[in-house]
Amino acid sequence: MNGIVIIDKPPMRTSHDMVYFIRKLTGIKKVGHTGTLDPMATGVLPVCIGSATKAADMLTLSDKRYIAEMVLGMTTDTQDADGEVLTECAVSCTEEEIRGAVSGFIGEIEQIPPMYSAIKRNGKKLYELARKGIEVERESRKVTINSIDILKIDGARVTIDISCSKGTYIRTLCEDIGIRLGTGAYMNTLRRVKTGPFTIEESHTLGELEDLKRQGTLESVIIPVDTLFADYPSVRLNEKQVKSVTNGVRMTYNGIEGQSYRVYDEKNKFLCISKITDGKLTLEKSFWS
């Protein structure tokens, strides 16, 4: 079994929990997720199985979309609802002020990663240090907010729809919006609704996956890895050419210089991604087993 299953991660479960779940469900050890989703968060978590694990890094680099609720007037030490309250104040912002503050974060911005994150410092994860009461200096990072739409304003509670680049901390974004408004804010809920090409509509709960396993139809929801490269043109090779490619030989091919291709054999089995470099089909990433 090779491919990608889209899990609708439940709250209070880690991304690694989902890897263990799929290993147990499929009996396959070669399983990996495509970027950590906070334990409190729910939603889209693509999990790669078998040779598809080679594409995990590509999904990790892709843009994401989230629905988040932030609460104005409070800050916490974790920047979310699980933390200890640090500050409280009355909220008197107008809707216009809230919309103005939120829209000010669209584009490339600088973020300081939160202490409660999996980033490592001298071999230790920041959240491990934070739990010991240790805070260290963190360098700011550039991330891109493609769009933010306000879905609802209900008093101090504001629901936002965010499309962003990899590495964006929505908790930090909420806190920074609160700072700009002068009220403080924390992230109350977070749901990821899209990762790369995969959406929440394609996702499956753990219960649904267990039911499919019992019915013997689990493979029906495993997405072929070449779906990730649907925008690439395809190439089909004969048996001799396949042997050359799988042996690492750069093969002369009359294609577009610099273009990446999906490469298949004569039976339409997906083999790899190759790029035309100096007129030759050059391996970028293999997926044969």
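This is a predicted model: local features need pLDDT of at least 70, side-chain atom pairs count only at pLDDT 80 or more; totals for chains, interfaces and linings use all residues.
Two strands count as paired when DSSP finds at least two bridges between them.

Take β3 (residues 42-49): it pairs with β12 in the parallel sense, over two bridges. In that pairing, Gly43 sits opposite Arg192 of β12. Strand β4 (residues 64-72) runs antiparallel to β12, and nine bridges join the two. Here Arg65 faces Lys194 in β12.

Lys194 turns up again on the way to β13, standing opposite Thr199 of that strand. β13 is made of residues 198-199 and runs antiparallel to β12, joined by two bridges. The hairpin of β12 and β13 has two residues between the strands, and Gly196 takes a positive phi near 55° there.

Arg262 stands opposite Ile273 in β17. The loop between β16 (260-264) and β17 (270-277) is where you'll find Asn268.

Most residues other than glycine have a negative phi. How accessible is Asn268? Its relative accessible area is 42%, so it counts as partly exposed.

Met12 also has a positive phi, near 65°. This residue lies in the loop between β1 (3-9) and α1 (15-26). Is Met12 buried or exposed? The cut-off for exposed is over 50% relative accessible area, and Met12 counts as exposed because its relative accessibility is 56%.

## Where α3 meets α5

Now for a helix pair. α3 (residues 95-103) packs against α5 (residues 170-181) at an angle of about 130°, with the axes 9 Å apart. The two helices are therefore oblique to each other, and their crossing is right-handed.

On the α3 side, the contact uses Glu97, Ile98, Ala101 and Val102, while α5 brings in Ile177, Arg180 and Leu181. By type, the contact residues come out as five nonpolar, two charged and no polar.

Key:
Residues are numbered from 1 along each chain as its sequence is written. Side-chain values use heavy atoms; hydrogens and water are left out. Axes are lines fitted to C-alpha atoms, for helices over the stretch in contact, and angles run from 0 to 180 degrees between N-to-C directions. Helices (H or I, at least four residues) and strands (E, at least two) are DSSP runs, numbered from the N terminus. Angles under 35 degrees count as roughly parallel, over 145 as roughly antiparallel, 65 to 115 as roughly perpendicular and the rest as oblique. A crossing is left-handed if the near helix is turned anticlockwise from the far one by less than a right angle, and right-handed if clockwise. Contact means heavy atoms within 4.5 Å. Ala, Val, Leu, Ile, Met, Phe, Trp, Tyr, Cys and Pro count as nonpolar, Asp, Glu, Lys and Arg as charged, and the others, Gly among them, as polar. Buried means under 20% relative accessible area, exposed over 50%, partly exposed in between (1.4 Å probe, protein chains only).
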